[in-house]
Amino acid sequence: MHNKTIAELAKGLRSGEFSSVELTTAFLDRIKQHNSLNAYITVTEELALQEAKAADLKLAKGDAELLTGIPVAQKDIFCTEGVKTTCGSKMLDNFIAPYNATVVDKFNNAGAVMLGKLNMDEFAMGSSNETSYYGTVKNPWDTNTVPGGSSGGSASAVAARLAVCATGTDTGGSIRQPAALCGITGLKPTYGRVSRYGMIAYASSLDQGGPMTRSAEDAAIMLQTMAGFDEKDSTSVDLPVPDYMSGLSNSLQGLKIGLPKEFFGEGLNSDVAATLEAAINEYRKLGATVTEVSMPTLKLAIPAYYVIAPAECSANLSRFDGVRFGYRCESPVDLTDLYTRSRGEGFGKEVKRRILMGTYALSAGYYDAYYIKAQKIRRLISEDFKKALSEVDVIMGPVTPSIAFGIGEKIGNPIEMYLSDIYTIAINLAGVPAMSVPVGFAKGMPVGLQIIGNYFAEDKLLNIAHQYQQVTDWHTHTPKGFE
Amino acid sequence: MSLTADDVKKIAHLARLGIEEQDVASYAKDLSGMLDLMTQMSDLDTEGVEPMAHPMDQVQRLRADAVTEQDSREKFQAIAPQVEDGLYLVPKVIE
C-alpha cells in the first residue's frame, strides 16, 4: 500500500480494496518502525484515525475528492489548531497553534488525513536539518548523511514511505535541495501562488510553500489543493488556478531548454554533472532542443540572499519576545532581561547568527551599503531570469553541487553550508517556480535535476517532469530497508 | 571586513538577543565571514537600478475598513506565559 501513488490509492479507497483507516494505520505503523529517522516531531495518531474514519464515511457516500482519506504530513512550520507547532525551535516547544494555516485548512477540506508534523531546520534556517531543536533527521538512503534542509523531515518521510506526500516550504531551496538529496519530487511554486497565512515567517518576500511527493503527478494533485488566492495573505496573487492534471500528458516535442553556463562550471561534482547530462539527453529524446543561456548576475545571488533573508528574519522573529506566546525565561528581573534571555535561551545558534546579521544590515549607516545594494542585485538577477526565459521555455541545471553530505560534516562552517545553496537561491530572489526531479544516482545517492520556469508556469514544469517520469523509473526507487 | 566582539555585543543588544560570553568570538568570526561574502556585491555597478522589494512588484492590497475578526482574546491568552484579568503580565516597567 505504501508504495502506491495518490491516484492509485484514491482508486483503491473507492474500490474497497482498503479503507482509509487501514491505510492510515499502515503508515502509522511504518512511522513507529522507522522512528530512528527522526522525521516527525509530532505524530497525531488519534487525530489521524478520527480523520480517516470521517474520510471513509465521505468515500462511502460518494462525495470524496482525490485527496480524501490520503495520509499526508505537514512540515512543522504550518500552524495546526490544537496541535503543537514548533517550527523546529525550543522557542515554540510549548506552542499549541490557536488556528490553522490556510494550507492546512485546504487539506482538511479535501478530506486528507494528517499523520503528524515533520521535523525541520529551526525556523527553516538551515540546509541539513541539523539546526532543529529536535535533532537531526537522517537520510533513508544512507543514515550517516543529512536529508538536506530545511524541509528535511518532509523529504526523509516521503522517501522512506512514512507519508504518501508532505508539505514543504522554500525560502532559498528548502523544498528542492532536500527533495534532490532524498530522491523525491519537490516543487517550489511562484511566489504568491500558495498562501503563506499560518506558515511561520522566515523571510516574507521569499517564503513559499509547496508539495513534496514521489512523482510529478502526485505533486500536481497536491498543488491543485494548495494553490489559490487567499484574502488572509497580503502577498497572495489573485489569479485563477489552472487544472494541473490536464496538461501532464502534453508532448515535449519542440520544447526549448536553456542551460545556464554559470550552473555547470567549477564547483559542480563531476558524478552529479554526468547524471544531469544523461537526464538532459533523455529530454532530447523526448523532442526537446537544448541551448546555452547566460545569467551573469547569478554569482551574486548568495551574498544578496544573505543580506535580504536575514534582514527580513530579524524583523519577523522580533515577535518572539516571551510575552504573548512561546518560551519565556525563568524569573526575569526586568523587561529587557525578559526579552533578552527569552530570545537568547529560546533560539538556537543559526537563528541567532541570522538575526544578528539582519540587525546589522538594517542598522543605521549600513542600510544602503547592504540592504539597498542587495535589493538592486535582486532586480538584476530577476532580469537575468526574464531574459533567459524569453529565449527558452525552461531552464535546467543542478539542484545541489554534490550528493548528500555527512551528518556533522558542514555544521561547524556556516559559510560553507550557505555556499551549498548556490543553485537554488537565485530562484527565490526572482520569485519564479522551480522543481527538483530525481534523475539517477551518484555513488548510490540520489541526484536531482532542477527545472525552472516562468512566473506561474507550474503546469508546464509538472508536464515536463511527468513526461520524464513516463520514460524513466528513478522516481520509483526506494531506499534499502524501506521497501 | 571584520566585526569585533564589541560590535557583536552592540548588535545583540539592538536585537534584544542574549548571547553567551563564550560564544561572542565565534559570532564575530561567522559574521565577519558573511560580510566578506557580501563585499562581492560592491564589484557590480548598480547605479540607476531600482531596488526590488518583492518578486511581483506588487503593491499592498487594501481591504474595506470593516471588522472581520471575532474577539479571540481567551483563546490567544490560553497559550501565553503569564496572564491576569485578561492582561499579559511582564516585570514591572515603571517604578
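Analyst: Let's start with one pair of residues: Val72(A) sits opposite Cys165(A) of β4(A). Keep in mind throughout that this is a predicted model. The overall scores are ipTM 0.95 and pTM 0.97.

That pair belongs to the pairing of β2(A) with β4(A), which is parallel and runs over 2 bridges. On another flank, β4(A) pairs with β6(A), residues 208–213, this time in the antiparallel sense and over 5 bridges. There, Asp170(A) has Gln208(A) of β6(A) as its bridge partner. As a reminder, strands of a sheet pair through backbone hydrogen bonds, either parallel or antiparallel.

How well covered is β4(A), residues 165–170? Of its 6 residues, 6 are buried. Side chains in a regular strand alternate between the two faces of the sheet. In β4(A), Cys165(A), Thr167(A) and Thr169(A) point one way, while Ala166(A), Gly168(A) and Asp170(A) point the other way, and all are buried. Asp170(A), then, is a buried residue of this strand as well as the bridge partner of Gln208(A).

Now zoom out to the sheet. It is an open one with 11 strands, and across chain A the order reads β1-β3-β2-β4-β6-β5-β10-β11-β9-β7-β8, with mixed pairing. At the edges are β1(A), 40–43, and β8(A), 289–293, each pairing on one side only. On average, neighbouring strands are turned by 30 degrees against each other, direction ignored.

At the β8(A) end, the partner is β7(A), residues 256–260, and the two pair in the parallel sense over 5 bridges. One of the bridges there links Pro260(A) with Val293(A) of β8(A).

Two helices are worth a look against this sheet. Helix α2(A), residues 20–33, lies across β1(A), β2(A) (71–75) and β3(A) (113–118), and runs at about 20 degrees to β3(A). Helix α8(A), residues 270–285, lies across β7(A), β8(A), β9(A) (394–398), β10(A) (434–442) and β11(A) (445–452), and makes an angle of about 115 degrees with β10(A).

Ala163(A) is a handy one to click on: leaving aside residues up to four places away in sequence, it touches Phe27(A), Pro71(A), Val72(A), Ala73(A), Leu115(A), Ala157(A) and Val158(A).

Most residues other than glycine have a negative phi, and most peptide bonds are trans. Asn38(A) has a positive phi, near 65 degrees, and is not a glycine. You'll find Asn38(A) in the loop between α2(A) and β1(A). Is Asn38(A) buried or exposed? It counts as buried, because 20 other C-beta atoms lie within 10 Å.

Phe456(A) also has a positive phi, about 65 degrees, without being a glycine. Its place is the loop between β11(A) and α15(A), 458–471. Phe456(A) has 18 C-beta neighbours inside 10 Å, so it counts as partly exposed. The cis case is the peptide bond from Gly149(A) to Ser150(A), with omega near 5 degrees. Ser150(A) belongs to the loop between β3(A) and α5(A), 152–159.

Finally, chain B. Here 41 residues of chain B are in contact with 56 residues of chain A. On the side of chain B that touches chain A, α1(B) (5–14), α2(B) (24–39) and α3(B) (73–77) each supply at least two residues, and α2(B) gives the most, with 7 residues. By type, that side of chain B divides into 28 nonpolar, 8 polar and 5 charged residues. As for confidence, the mean pLDDT of chain B is 92, and 100% of its residues reach 70 or more.

Note on methods: Residues are numbered from 1 along each chain as its sequence is written. Chains are lettered from A and ligands numbered from 1 in the order in which they are written. This is a predicted model: local features need pLDDT of at least 70, side-chain atom pairs count only at pLDDT 80 or more; totals for chains, interfaces and linings use all residues. Two strands pair if DSSP finds at least two bridges between them. Helices (H or I, at least four residues) and strands (E, at least two) are DSSP runs, numbered from the N terminus. Axes are lines fitted to C-alpha atoms, for helices over the stretch in contact, and angles run from 0 to 180 degrees between N-to-C directions. Two residues are in contact if their C-beta atoms, placed from the backbone, lie within 7 Å. Ala, Val, Leu, Ile, Met, Phe, Trp, Tyr, Cys and Pro count as nonpolar, Asp, Glu, Lys and Arg as charged, and the others, Gly among them, as polar. pLDDT is the predictor's confidence in each residue, from 0 to 100. A residue is buried if 20 or more other C-beta atoms lie within 10 Å of its own, exposed if 12 or fewer, and partly exposed in between; C-beta atoms are placed from the backbone.
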